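Look at the model first, then read on.

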Amino acid sequence: MRDLLEISNTIPDRSEEMGTFIDDEIIMSRRIADGGSTIEVLGPQGTGKTSLMLSYACRIMEEHPDEIIIWRDSYKSQCQFNRLKNYEIFAESGVDLEFRDLYKDELLDFPVTMFDDYPSLLKKMSPQQLNVVYVKDPIVGYIRLLSFLRRYKEWQSVFIDEYEDIAPLNQEGDKYKLIGLLGNNLKNIRKGLVSLFCNTQSKSQIDWRVRDTFMVTSYLSGAKVDGISPVYQDAVNSLDRGESWLSWYGKFGRINFPPVIPRFPVFETVDRNAVDDLDLLLSTM
Amino acid sequence: MKKNPQKQLRATFDDVGQAQDDIRHSIDYCIRFNTFLDEENRDIFINRLRTATLGLGTNKKVFYPGKNNTYSLGNVEHAAYWLSYRESNYVIFEGETVEIKELWKRLRDALFDVFPHAIETSIRISKEQKYSRSGGGRSVGPKNLERFTGDKQYDP
């Protein structure tokens with residue numbers, strides 16, 4: 001009986017080995033022949049999607065100190081980029097940003113750099129910090145930005161928090177066509193030396209043309225696993241916070257990451273010039 | 001692997017294995033001396049039986065083939081409880097007297113069918129097994145997180 005136990009202990013755990021491989025060779029490698037990588041992070045609220053993305057952002061600052069890191073944050077929700085101390089806020093001309101402290105009910109003042117076009121935006125950005133970009137319309141703005149970055153021959157990483165805002169399901173008209181273009185772009189974006197990190201709570205909120213174009217999928221505890229994924233749903237359910245399965249085509253491995261907790265002040269961002277969706281809806285009722 | 005999973009796994013595995021040894025030794029003793037369990041050993045026997053079979057004995061029945069008829073003692077769990085409460089070294093089935101060591105032998109054979117399943121279950125579904133893999137994997141965090149977050153972290 002004891003011999004059986006000794007044997008079972010000697011069976012190698014390959015999940016860590018594969019996790020290390022995917023992390024080193026796919027996500028963090030910067031070979032021009034391979035280009036960048038596209039990673040999506042799936043997980044319910046509070047399981048560490050943003051922590052994982054910020055962990056990768058810090059890793060990139062450590063390992064690739066010249067790389068530009070772009071961070072996308074939502075309007076009217078707690079700012080996530082503030083968890084790191086080095087960031088710079090950029091806003092498209094026409095956007096009037098307001099920062100509201102969520103606890104003290106007072107307005108905060110942060111320096112905001114305005115930009116007109118993407119070439120000038122890229123020149124203003126610096127490595128070793130999060131370059132937070134606010135645009136008028138996330139769908140139009142970020143699809144244009146990604147399309148521009150594809151042709152810009154420098155290494156960049158783009159982190160999109162809640163990417164269902166960029167490629168939502170059930171859009172109509174021009175926005176539907178734009179998201180189709182994004183789906184086409186995503187397939188080639190890594191060749192343009194761009195690494196794209198996106199997170200969402202559920203893939204079902206994402207347009208179907210964008211959904212399956214990512215190279216690596218990271219499942220956090222409780223995430224709904226794709227039917228075609230080699231990762232079992234049970235394995236994902238049994239994860240603790242701070243752990244993740246990485247799935248890269250047919251291979252999968254395990255990683256863990258530290259919590260990156262919020263810093264003071266905790267605030268949200270509002271575009272004063274944007275029409276409030278709720279007001280708009282109520283005015284038509 | 002921060003939680004020393006192999007040590008935790010060993011806890012359940014060894015416990016079930018040890019309980020099976022205890023049960024086997026008790027039954028071997030009863031067979032050798034054709035005897036029943038006294039009150040103190042009965043408590044220990046039932047306690048260890050729970051761990052040794054993990055309740056998996058309910059699917060297997062124990063029979064004693066007598067001269068005139070085949071008598072059922074119920075499933076393994078039931079037979080073990082029933083036998084542990086005998087207070088003489090023989091049992092009478094429909095007028096046929098049977099030495100209690102014969103029934104202990106039947107129970108031991110049936111338990112030997114159940115024990116491997118209990119061992120397998122102890123490895124496969126134990127809580128320790130689930131947590132034994134916890135914390136695994138490569139850390140993808142930066143080497144020095146404080147360098148990026150500073151000291152103004154919100155800690156409720």
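Helix α2(A) has 14 residues and spans 18 Å from its first C-alpha to its last. That is close to the 20 Å expected at 1.5 Å a residue. The model is predicted.

**The buried face of α2(A)**
- The buried residues of α2(A) are A:M18, A:G19, A:I22, A:D23, A:I26 and A:I27.
- Viewed down the axis of α2(A), they fall within an arc of 135°, so they line one face of the helix.
- An α-helix has 3.6 residues a turn, so residues three or four places apart point the same way.
- The buried residues pack against β1, β10, β11 and β12 of chain A, together with β5 of chain B.

**How the helices lie on the sheet**
- Helix α2 (residues 14-27) of chain A lies across β1 (38-42), β10 (216-220), β11 (243-248) and β12 (251-256) of chain A, and β5 of chain B.
- α2(A) runs at about 90° to β12(A).
- Helix α5 (residues 138-151) of chain A also packs on the sheet, touching β2, β3 (87-92), β7 (130-134), β8 and β9 (194-200) of chain A.
- The direction of α5(A) makes about 160° with that of β8(A).

**The sheet**
- The open sheet has 11 strands, with mixed pairing.
- Its order is β6(A)-β3(A)-β7(A)-β2(A)-β8(A)-β9(A)-β1(A)-β10(A)-β11(A)-β12(A)-β5(B).
- β6 (112-115) of chain A and β5 (138-139) of chain B stand at the edges; each has a single partner strand, so one side of each is left without a neighbour in the sheet.

**One strand pair**
- Strands β2 (residues 68-72) and β8 (residues 156-160) of chain A pair in the parallel sense over 5 bridges.
- A:W71 stands opposite A:F159 in β8(A).

Key: Residues are numbered from 1 along each chain as its sequence is written. Chains are lettered from A and ligands numbered from 1 in the order in which they are written. This is a predicted model: local features need pLDDT of at least 70, side-chain atom pairs count only at pLDDT 80 or more; totals for chains, interfaces and linings use all residues. Two strands pair if DSSP finds at least two bridges between them. Helices (H or I, at least four residues) and strands (E, at least two) are DSSP runs, numbered from the N terminus. Two residues are in contact if their C-beta atoms, placed from the backbone, lie within 7 Å. Axes are lines fitted to C-alpha atoms, for helices over the stretch in contact, and angles run from 0 to 180 degrees between N-to-C directions. The expected span of a helix is 1.5 Å times one less than its number of residues. A residue is buried if 20 or more other C-beta atoms lie within 10 Å of its own, exposed if 12 or fewer, and partly exposed in between; C-beta atoms are placed from the backbone. The arc is that of the directions from the helix axis to the C-beta atoms.
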